[in-house]
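Have the structure open while you read.

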Amino acid sequence: MNHMTPGAVGLDPAVLRDQLFELWNRKDLQTLHLAAIQGFSKLSEPLEALLTILEGCPGKQKGRSHTLGLHILMEFQTWMKEHPQVTLSLLLEHQALQQRALSLMTDTQPSFVDNLIHIYQLNSLDPAILRSNIMKLQALHCYKEAAVLSIKLKLQKELNMVEMCVPLILQNKLAMAEAFVTGHNDLEQQLVTLLDSWCHPYFSEEEIYKRFPHFSVTKQGMSQIQPKMLTKHVFRLMEKFHIDQGLCPNALHKRRLDSLRFLMYKRFVEKSMTDENWSDHVQYVVADDFELQIQLVEMLMKYCGLHKASQWSLRYNIPKNRLPWSIWEMQQSLPPEQQQIGPSGSAKPEEWRPSRSHCQNFYQVPLTKDKVHFVDSPEALRRCRSIVLKEGGIIGVDMEWQPTFGCISTQQVALIQLAVLDQVFLLDLCANGFRHHPDTIIFIQTLFSERNILKLGYGMSGDLKSLIATWHQLIEEPLKMEAMLDLLNVHQKIQRRKINRTQNGPQEVLVGKNSAEKGLSLLVQQVLGRPLDKTEQMSHWEKRPLRISQIRYAVADAYCLLDVYSALSSNPAYFGLPADLRSISSSQPEKSGTKKQAHGKEECQGAQRVSPPSSNTEKGLLCGEKCSEDIPPLPPQQLRVVCDNMLQGLGRYLRCLGVDVIMLENTDDHRVAAKLAQAEGRFILTCGQPFQSLRSQVGEGRCLSLDCSEKARDQAVRVLRHFNVQLTPSDIFSRCQACNSDQYAAVPCKDMVRMMKQKGLLQGQDNIDHTQQQEEEKLSHILTPSVTPEIPRMSYT
């Protein structure tokens, strides 16, 4: 059927395509628009001609967000609105046109795919035909394109989830696999249980190779199927898709085993946890997992001997055939009174006022015990409300919850501390019926929405997440947050100024420069002179009654906010702060993250954390300009570091700059970094929680903490700035990213391509000759001019 306007002559689609291509190259989009609108009206069969034009457009140019083909499609959509008579249903051969449109679906540009589907009504095709086209894309190793098309055409239930998602995962495209299953409960569950099966202790990657013998797994893909990374993804997806933990026993076992190792380290190596807290957490982590109970006994035998290991083996009734013989012998020799694990009968009752040494070393709340009130009933809440909700007041707010070591993403609040000038109220949400009493939630909503009461906190995003987990009605009716001041933002401003301050500045604020303190404890130390005692931080906060030491800790965490705010407000200029501290919160919003168990992500790490360089500084570092540092300039070859497994991207980047870098594998324990640093005189680069323990093993100045949320380039700039590394052009690409060697050999390009394919560094090259040729040309262009046989170290210019 002819769709031309009256008086128009048929236009050859190839002529129109060439005309549009020329305008596209000239970037004359305005003229291209006019030419396209006029040209479409001159085509005898616009829908068929459009396919001819698109089929003749230069390659798909993957990686570009906008291509000529997409632009033509968008112009055609605009033209169709003015010509509603142009419809696919009027064409007798419309199924043939639909098949041709499907063959163009190797482009993952969403708009490109959406426009083709709309114009050619591809959703009306027989599902068998659509499914066949998806299989063709799979056979061509176009896994992402196949997934995108199947999602757009809503074919997920028609396809095999494993065949579709496993190649995506191994190509480091788990997000696309998630998108494929999202909205289909059975597919969501299949994906999560598949990932969980890979977390089994005896799972081998060989099983994947057998299922997909034609698929070359990249190094990045291999990193996605390491137990540590898999467990992280399984727990994230369990929460996202609301899947029962019982369906993921392997990931749960792995997370609990890692938590058990962490607890052993905290108690017997770092010695930063009380025996009672440790015992509470161990029982929670081990639960009824029989294999974990056995591993606990074996770990105890290693860390603290046969006596304690035997007691725990008796607690869990571990059979004789699963115990080391020495444990069994010790069991028989233990008198009855020593077979039970519990507090010693001679233990002295705790006093409210701690020891003299504790008072000398840690911040103390200037309150007697009678000024601390438990609020566990509506009557007690009314008394609290009358005092706390006074207009013009200032309140320190903190919360405690039961640590779950990642086995549950967000915990319910167990205790809310509200500190006013001369007393502290502890809202006990574990008291029977108190948490769900209507008056309790009304009080919380009123407190946070009151504009005339200033609420002080530190890292409050984690507290707010736990509040939502405690009261789900806060999802539908979010808290109105008024008059909130997060002292974390204030602390970050103090830290940035402290790093950049000259030596003539007020050195008193530099308390904690090399301190092991962090977060709120560091702020309290810097402002008030003594840190917080964090011994009870990881307590069993849902166990009642609370110990005196727990109450003392909870009270101090809230009351110290009042003292810090008072000190900062009385002399803000001394700390480099504006007169109105509230302005900091609005101009420098806090980054999202949790509080109690993820301090490394959002709390200041002290003077060892590298400050953000300015853009001018960064440019100077990468161009070899001298940095104004007190330490002498250092060539990159003389800087020797070991990167924790959380900073592998940084390690590869530093190798490109000539730095001698050892990188931990995903399966390595963080403590391996300390051993390598001690044995080879290297600096440690790490981030988050391992920083404190690693620094304690290698000494001050030998361990540097970075921000994991930053890009590798920004992290590298900070490292160069910290060590005053001076780069020259010859340093760039002077060391291999993969093996860290600075010795190069000239290799023919074909051999290089072959070796890279064997290592999984080139994807999907087996059956596509032209792609291989392009890769060879690319490698030839990069490698050939750069090889300098005369010297061992080589440079890219």
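## Ground rules

Buried means under 20% relative accessible area, exposed means over 50%, and partly exposed is in between (1.4 Å probe, protein chains only). This is a predicted model, where local features need pLDDT of at least 70, side-chain atom pairs count only at pLDDT 80 or more, and totals for chains, interfaces and linings use all residues. Residues are numbered from 1 along each chain as its sequence is written, and side-chain values use heavy atoms, with hydrogens and water left out.

## Cysteines

Searching the whole structure turns up zero disulfides (pairs of cysteine sulfur atoms within 2.5 Å). For cysteine 656, the closest cysteine sulfur belongs to cysteine 736 and sits 8.8 Å off, too far for a bond. Cysteine 739 is in no disulfide either, with the sulfur of cysteine 736 being its nearest at 3.7 Å. Cysteine 656 is buried at 11%, while cysteine 739 is exposed at 53%.

## Salt bridges

There are 28 salt bridges here, each a side-chain nitrogen of Lys or Arg within 4 Å of a carboxyl oxygen of Asp or Glu. Glutamate 178 and arginine 236 form one at 2.6 Å, N to O.

Aspartate 428 pairs with arginine 544 at 2.7 Å, N to O. Here aspartate 428 is buried at 6% and arginine 544 partly exposed at 29%. Glutamate 710 and arginine 718 meet at 2.1 Å, N to O, and both are buried. Finally, Arg640, Asp660, Glu680 and Arg682 join up in a salt-bridge network.
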